[in-house]
Amino acid sequence: MLVTPLVAIPFAVAGDQVTSDVRTGPIPAANGEWGYPQAGGYFKGRGYGVNPSNRCSYCTEMHHGYDMAQGCGSTIYAAGPGIAIVAGSYQNYGNAVVIDHGHGLVSIYGHMQWGSLLVQQGQGVTAGTPLGKEGTTGRSYGCHLHFEMRQDGVPFDPQPFLAARGLPLQ
């Protein structure tokens, strides 16, 4: 298994955006067409599946994503190639990006800071494309990335999906 850092990070600035250079600091590791949605170490919050939260009165016990935190303002990256089909307010995810990877596979990046999105709806992305900044928008109880994957509209655990591509989540 060879995991290499992404050295070229394509991105587009769209509309009212954060002006800081998102390419400073660590870059996410990638293996082939897929990579991590955050660069460097992170704190794992709620994982996929039955996962009660005592800190969040409106959080359901069944958690359909993988929560990762590096701190408010940390850069969030696309995990794989596709087209951004949502870039903005999205259901309970707050400020979010949804990427269509084709064949019914989508990834969701939720709770990003308002005004931080670096992609637009309809824009093509690759693994490592900066999407926005970690925040606490929508139904969130603290700054983190809610990373979710769905196949034909059905959520599934992203941990084994990425591990099968040589990218195990903590």
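Strands here are DSSP runs of at least two residues, numbered from the N terminus. With that in hand, one spot to look at in this predicted model is Asp152, which sits in the loop between strand E14 (145-151) and strand E15 (154-156).

**Aromatic pairs**
- Take Trp34 and Phe161: their ring centres are 5.1 Å apart and the planes meet at 85°, so this pair is edge-to-face.
- That pair ties together distant parts of the chain, with Trp34 in strand E3 (residues 34-35) and Phe161 in helix H1 (residues 158-163), 127 residues apart.
- Trp34 is buried at 11% relative accessible area, and Phe161 is buried at 12%.
- Tyr90 and Tyr93 make a stacked pair, 5.4 Å centre to centre with 20° between the planes.
- Tyr90 counts as buried at 18%, and Tyr93 is buried at 11%.

**Around Phe161**
- Arg165 lies over the face of Phe161, 3.6 Å from the ring centre.

**Positive phi in loops**
- Most residues other than glycine have a negative phi.
- Asp152 isn't a glycine, yet its phi is positive at about 50°; at 60% relative accessibility, Asp152 counts as exposed.
- His103, also not a glycine, has a positive phi of about 55°.
- You'll find His103 in the loop between strand E10 (95-102) and strand E11 (105-112), exposed at 80% relative accessible area.

**A buried lysine**
- Lys133, in strand E13 (residues 130-133), has 8% relative accessibility, so it counts as buried.
- The Lys133 side chain makes a polar contact of 3.3 Å with the side chain of Thr75.

Methods:
Residues numbered from 1 in each chain as written. Predicted model: local features only at pLDDT ≥ 70, side-chain atom pairs only at ≥ 80, totals over all residues. Heavy atoms only, no water. Helix = DSSP H or I, 4+ residues; strand = E, 2+ residues; numbered from the N terminus. Buried < 20%, exposed > 50% of the residue type's maximum accessible area, 1.4 Å probe, protein only. Polar contact = N/O pair within 3.5 Å; in protein donor to acceptor, adjacent residues only side chain to side chain. Phe/Tyr/Trp six-rings, centres within 6.5 Å; stacked < 30°, edge-to-face > 60°. Lys NZ or Arg CZ within 6 Å of the ring centre and 35° of its normal.
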